[in-house]
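Here are my notes on the model you sent over, as numbered points. Have the structure open while you read.

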Amino acid sequence: MKAIDIPISDDIIRSLRVGDPVALSGVMLTGRDAVHKWMIETFIHRTREPQDDDQEIYRAIKPLLDGGIIYHCGPVVSGLETEEYQFVAAGPTTSIREEPYQGDVMAHFNIKGVIGKGGMGPKTLQACQEVPGVYLHAIGGAASLIAKSVQRVLGVYKMDFGVPEAIWVIEVKDFPVVVTMDAHGNSLHQEVTDSSKSILDRLLAVS
Amino acid sequence: MQPDLTKQFLELVRLAATDLPPDVEAKLRQAAKQEEPGSAAQGALEAILKNVEMAREDSTPICQDTGTPIFYVFYPEGWSTIKLRKQIENAVAEATARAYLRPNAVNALTGKNTGNNLGDKHYPSIHFEEVEGDTLMVDLMLKGGGCENVGAQYALPNSKLGAGRDLEGVRKVALDAVFQAQGKGCAPGILGIAIGGDRGSSYYGSKEVLFRKLDDTNQDAELADMEERLTNESNEMGIGPMGFGGKTTVLGTKITGLHRLPASYFVSVTYMCWAYRRRRMTVQGSEVSYE
């Protein structure tokens, strides 16, 4: 298990290979469907005018994402009424839904690592080589275990998206992940898809 | 006089969300032993098992996607389903306030979250059926979104997969569904398969069959054989836990048949993630038990 601190340098990113287990420590942001759509439309493609406190939020999250991590996660959070937030359950959500956005979001903010589950497609793999960055697979459903690695909730933005869809700023210690897409064009997801396809073809051919 | 079961329903929800059924946990332990020592697959299963223990001890959700709550209520003659529905809804809202459930119900168009897991008449999903006798039985399944998204329905024949209108055709489309899902449904998964019905009843059937225990055997010998074969062949594909590659892709398969029109032959596959959260509550007089 490699221990890596956030923010992450390009050299460290390039040293990672598919299959490496990693323990992450530092500050990261959660962001899923609504956040990616909002980032792309408001700040990257600029098809939507910034509204309310959008610009303020942008200025706040930009330095945190520079060299940083975005985590595809919709957590269960306690302390919503008192705003003494605590992550109760915080496993990854399916990443492929962000495939249309992820590469551009990584490039725009210089994001070094995307955490989620299920892997992503060619556009994100391309961005991993260019930015450079990696895709880090968390254990889907291991929500209580992962919540324990969240030391503190430092803040939250876009609560109007709802608890699962908001941007949570969290400080983590030894957050466990596996590199499944690296900065050298390798994807464990592609490898497993290819090998399972040939076995499927054989199983479909017999009766 | 019908009792107020709100508290008991709350306990049913808490138990389902935070404590994996013993038959599922046992299968996961067995799977962890079978994977290559030190592999990513074994690491994933060990993390899953550790997570299950922590969730149970701390009474926290096993998975943060606490899913669609799907209730099946089997009630004796004379019970008011209006009252039962209200009590279930109150329990679900309270379970959300206590963070056993994540606020999960969002408006279809605006995406606005109701904040308490109550939506329209289909959310939570509650099915009522009157039964003989004087025992009230309530089954609850929490069905996560990631695995729900990889479910699939096929209309046979399917020429692309060479699947005809027979059990062999069912096998072929089910294997395709497992392949398409890869690790995205949080493998190792459990397959619920319904053959027949209309498009709607077929999908319901494929979920209802998942209330069976993992280690039971289908009473239909032909379906029992196919359940075993599909589990083995799915595992042969080597997709593995989380899609990391490995020996355990599917923990079990459950198949049911529904009467269909001569013109239609649907096969519906519901993919259940490893976090197979289902619990049963039984009320007999003043006695309430959970399993």
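1. A cut-off to start with: a residue is buried if 20 or more other C-beta atoms lie within 10 Å of its own, exposed if 12 or fewer, and partly exposed in between. Please also keep in mind that this is a predicted model.

2. For background, most residues other than glycine have a negative phi, and most peptide bonds are trans.

3. B:Ala99 is another non-glycine residue with a positive phi, here about 65°. You'll find B:Ala99 in the loop between helix H4 (81-97) and strand E2 (125-131) of chain B. Is B:Ala99 buried or exposed? B:Ala99 counts as buried, because 21 C-beta neighbours sit inside 10 Å.

4. B:Gln30 is a handy exposed case, since 12 other C-beta atoms lie within 10 Å of this residue. B:Gln30 belongs to helix H2 (residues 22-34) of chain B. If you want a distance to check on screen, take B:Gln30 and B:Gln87: they are 57 residues apart in sequence, and their C-alpha atoms are 38 Å apart in space.

5. Two peptide bonds deserve a look. The bond from B:Leu156 to B:Pro157 is cis, with omega near 5°, and B:Pro157 is in the loop between strand E4 (152-155) and helix H6 (167-181) of chain B. B:Ala187 and B:Pro188 are also joined by a cis peptide bond, with omega about 5°. B:Pro188 is in the loop between H6 and strand E5 (189-196) of chain B.

6. How is chain B divided? Domain 1 takes in 6-16 + 62-144 + 277-290, and domain 2 covers 146-272. The C-alpha centres of these two domains of chain B are 26 Å apart. Seven residues from domain 1 and six residues from domain 2 make up the contact between them. On the domain 1 side, strand E3 (residues 135-143) of chain B provides the largest share, three residues. That side of domain 1 is made of two nonpolar, one polar and four charged residues.

7. Now follow E3(B) to its partner. E3(B) runs antiparallel to strand E8 (residues 277-284) of chain B, and eight bridges join them. One pair to find is B:Thr135 with B:Gln284 as its bridge partner in E8(B). E8(B) is also joined to strand E9 (residues 287-290) of chain B, again antiparallel, by four bridges. There, B:Gln284 has B:Glu287 as its bridge partner in E9(B). The hairpin of E8(B) and E9(B) leaves two residues between the strands, and B:Gly285 takes a positive phi near 60°.

8. On to the two chains together: 44 residues of chain A contact 46 residues of chain B. Which element of chain A gives the most to this side? That is H7(A), with eleven residues. Helix H7 spans 188-205, and the elements of chain A that each supply at least two residues also include strand E5 (86-89) and strand E9 (167-181). By class, the chain A side has 23 nonpolar, 18 polar and three charged residues.

9. Last, helix H3 (residues 54-65) of chain A. Its twelve residues should span 16 Å at 1.5 Å a residue, and its end C-alpha atoms are 16 Å apart, so the two agree. The buried residues of H3(A) are A:Ile61, A:Leu64 and A:Leu65. Looking down the axis, these buried residues fall within an arc of 85°, so they line one face of H3(A). As a reminder, an α-helix has 3.6 residues a turn, so residues three or four places apart point the same way. The buried residues of H3(A) pack against several elements of chain A, among them strand E2 (21-30), helix H4 (99-109) and strand E8 (150-157). On the other side of H3(A), the exposed residues are A:Gln55, A:Glu56, A:Arg59 and A:Pro63. Just after H3(A) comes A:Gly67, with a positive phi of about 80°.

Technical notes
Residues are numbered from 1 along each chain as its sequence is written. Chains are lettered from A and ligands numbered from 1 in the order in which they are written. This is a predicted model: local features need pLDDT of at least 70, side-chain atom pairs count only at pLDDT 80 or more; totals for chains, interfaces and linings use all residues. Domain bounds come from an automatic or database domain assignment. Ala, Val, Leu, Ile, Met, Phe, Trp, Tyr, Cys and Pro count as nonpolar, Asp, Glu, Lys and Arg as charged, and the others, Gly among them, as polar. The expected span of a helix is 1.5 Å times one less than its number of residues. The arc is that of the directions from the helix axis to the C-beta atoms. Two strands pair if DSSP finds at least two bridges between them.
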